[in-house]
Amino acid sequence: MALLQISEPGMSPEPHQRRLAVGIDLGTTHSLVAAVRSGLAEVLRNEQNEPLLPSVVRYRQAGEIVVGQSALDGAADDPVNTIVSVKRFMGRGLADAHRHRSPYTFIDSPGMVKLATVAGERSPVEVSAEILRTLRLRAEAALGGELVGAVITVPAYFDDAQRQATKDAARLAGLDVLRLLNEPTAAAIAYGLDHASEGVYAVYDLGGGTFDISILRLTRGVFEVIATGGDTALGGDDFDRRLAEFFVRDNALDELAPQDLRRVLMAARRCKEQLSLQGEALIEADISARGRLATSVTAAQFRAMTADLLDRTLDAVRRVLRDSGLSINDVTGVVLVGGSTRMPQVGESLAKLFGKAPLTDLDPDQVVALGAAMQADLLAGNHSGSDPDWLLLDVIPLSLGLETMGGLVERIISRNSTIPVARAQEFTTFKEGQTAMALHVVQGERELVADCRSLARFELRGIPPMAAGAARIRVMFQVDADGLLSVTAREQSQGIEASIEVKPSYGLSDDDIARMLKDSFGSADVDMKARALREQQVDADRLLEATQVALDADADLLDAAELEDIGAQMRSLKLAAGGDDSALIATAVDALARSTDAFAARRMDRAVRQALAGRRLDDIA
Ligand code: ADP
Ligand code: MG
């Protein structure tokens, strides 16, 4: 996926004008919200000073909804109504949902599964929205104001349905999505790799239930995710399970009741996290029939019992490099992401594999949220510090559209649409008997073609002659994953086609993009007025053209006085349309339309008579 780098203008808004925007890492296990404050990205904490929000939502009987740690605490008692790892179900159907072991009752529904809870059926989008809402409230409390928007991260491999589901969840939560950002890209941004030298970077993300390896390439200001791999069923949970099995064996327990199992797993997780810091730790849990039990584990034992899990991740790293035609030596740097990379054996193995120590300065479970916050701050138009800031985009940086009558832009694909993307729209002919159509592809946020950048022009020829407005021309804009735009125009009745390929934003300097974005923010009102005027002028031209066609064909239907009257109205409309008073144009359009009413009716009669002449009625229907 192409990531286009653009720079922001070097002006710093007044402090009170600072627009509050946040970055959100909506994780499978944990979610975080971060923001840039006084020029530094930081994770926003709750009242208990906790940075991580467990991605857990518990639905209770009386409509009460609990989110985060207290929901997780209740998970053992109420597994069916406590939704964990909902991210796995986003944009997914029933078959995919059943691939993961979970205690939920799924309901098949078109597009995405739903979950049965005491509060009724809930879609994964609604569950995720509860998490996002909690983070929004946390951010608003911490920042002291309403947010203009958020950058939300998603795994690089997320498809359109999963991305759309994430956006929908944000909207439900009252968040304006500035853009979705790939998690590995966010991590790279947090480390400032976009300022670094060109090269290939490996982002190794071992979370709670998933492992993602992404290879990013930075060349001449363009960041690309060139390959992704990993395992959607491998993460910290598997390390917990190994410890739990050890505990079960050590205490000679047979089958554990589901609630006991949950408690043992939680104890195992606490033990695992301690072993990242110390050489030995206890797994301690209450078991229904046996009371409190404890098992001691050393770091060496833990490493041995989980070595194969770690090896699986290293195999995936080698595989993804091989698949992208790269060798270990091509990798400039390695970034660690995800809470599970706190286990020292992860960094050690990667250092051995790559021959260099991975980047670990930033908190691995905060790094994605921090990068997202930096991106959000830029997108919101804030500026931190004096050196140029860079924006990394794997979305369309500026809207793409077509010129329509009167020099107006019809926007087809909006700015910040994630690529690849395709959108089609129907256009029609303006003139009687028009057989060719000129298509002008433009890029920019302004309403008038003159204010946008021209990307390409091409023509569709061979349109069968028809009345103005009768032809149907379907124009399709497609941007592929590499940011390549192709535009196809197709006349619907005969199927004739013309197309062109354009590279959007190439050749457009960073300053150009920044200026165009900035212009569009400040000019919405002016643009609206200009657009209204242009539309009126187009209406006027269309009416004048149609009236002239009618006069050329059927002037004999009018008497001298009527002819004189219509001529006078046409002259005054022409005069008005040349000016910039939209009210005047509107009045003149009305006047001409009124004075041609009777003429139009007579033409209609004549046309019908001509059409019926010599034909049987059933030919006509
Ligand atoms: P996700 O991206 O899936 O939401 P996170 O990046 O938050 O996941 O990682 C959560 C995982 O990280 C859990 O399995 C948790 O136990 C593990 N983890 C967190 N801290 C540590 C630690 N100090 N040592 C080992 N594992 C840890
Ligand atoms: Mg994560």
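**Ser340 places a polar backbone atom 3.2 Å from an oxygen atom of ligand 1.** The model is predicted: local features require pLDDT of at least 70 and side-chain atom pairs count only at pLDDT 80 or more, while totals for chains, interfaces and linings use all residues. Residues are numbered from 1 along each chain as its sequence is written, chains are lettered from A and ligands numbered from 1 in the order in which they are written, and side-chain values use heavy atoms, with hydrogens and water left out. In Gly208, a backbone N or O atom lies 3.0 Å from an oxygen atom of ligand 1. The side chain of Lys272 has an N or O atom 2.8 Å from a ligand 1 oxygen atom. These are polar contacts (pairs of N or O atoms within 3.5 Å). Around ligand 1 there are 16 residues, of which Thr29, His30, Lys272, Glu273 and Ser276 come nearest; a residue counts here if one of its heavy atoms lies within 4 Å of the ligand.

**The largest cavity has a volume of about 80 Å³.** The lining of this cavity comprises 13 residues, and Ala156, Pro184, Asp205, Asp212 and Ser214 are the closest to its centre. A cavity is a set of points, on a 1 Å grid over the protein atoms alone, where a 1.4 Å probe fits but cannot get out, and lining residues have an atom within 4 Å of a point. The volume is the space filled by probe spheres set on the points, which are joined across faces, edges and corners. Two or more lining residues come from each of α5 (183-190), β14 (199-206), β15 (211-219) and β16 (222-231); β15 gives the most, with three residues. Helices (H or I, at least four residues) and strands (E, at least two) are DSSP runs numbered from the N terminus. By residue class, the lining divides into seven nonpolar, three polar and three charged residues; Ala, Val, Leu, Ile, Met, Phe, Trp, Tyr, Cys and Pro count as nonpolar, Asp, Glu, Lys and Arg as charged, and the others, Gly among them, as polar. In total, the structure holds three cavities of 30 Å³ or more.

**Four strands form an open antiparallel sheet in the order β23-β26-β27-β28.** At the edges stand β23 (421-427) and β28 (497-502), each with a single partner strand, so one side of each has no neighbour in the sheet. Neighbouring strands are turned by 15° against each other on average, direction ignored; the axes are lines fitted to C-alpha atoms, and angles run from 0 to 180 degrees between N-to-C directions. Strand β27 (residues 485-491) pairs with β28 over six bridges in the antiparallel sense, and Ser486 has Glu501 of β28 as its bridge partner. Strands pair if DSSP finds at least two bridges between them.

**An open sheet of three antiparallel strands has the order β9-β10-β11.** Its edge strands, β9 (106-107) and β11 (120-122), each pair on one side only. Strand β10 (residues 114-117) is joined to β11 by three bridges, and the two run antiparallel. Thr117 stands opposite Gly120 in β11.

**β3 and β4 form a hairpin with two residues between them.** Strand β3 (residues 30-37) pairs with β4 in the antiparallel sense over four bridges, and Val36 has Ala41 of β4 as its bridge partner. In the turn, Ser38 has a positive phi of about 45°.

Most residues other than glycine have a negative phi. Asn49 is in the loop between β4 (40-43) and β5 (53-54). Ser85, which is not a glycine either, has a positive phi of about 55° and is found in the loop between β8 (82-84) and α2 (94-97).

Key:
On a 1 Å grid over the protein atoms alone, a cavity is a set of points where a 1.4 Å probe fits but cannot get out, and a pocket is an open set with protein on both sides within 12 Å along at least five of seven lines; lining residues have an atom within 4 Å of a point. A polar contact is a pair of N or O atoms within 3.5 Å; within protein, one must be able to donate a hydrogen and the other to accept it, and residues adjacent in sequence count only if both atoms are side-chain atoms.
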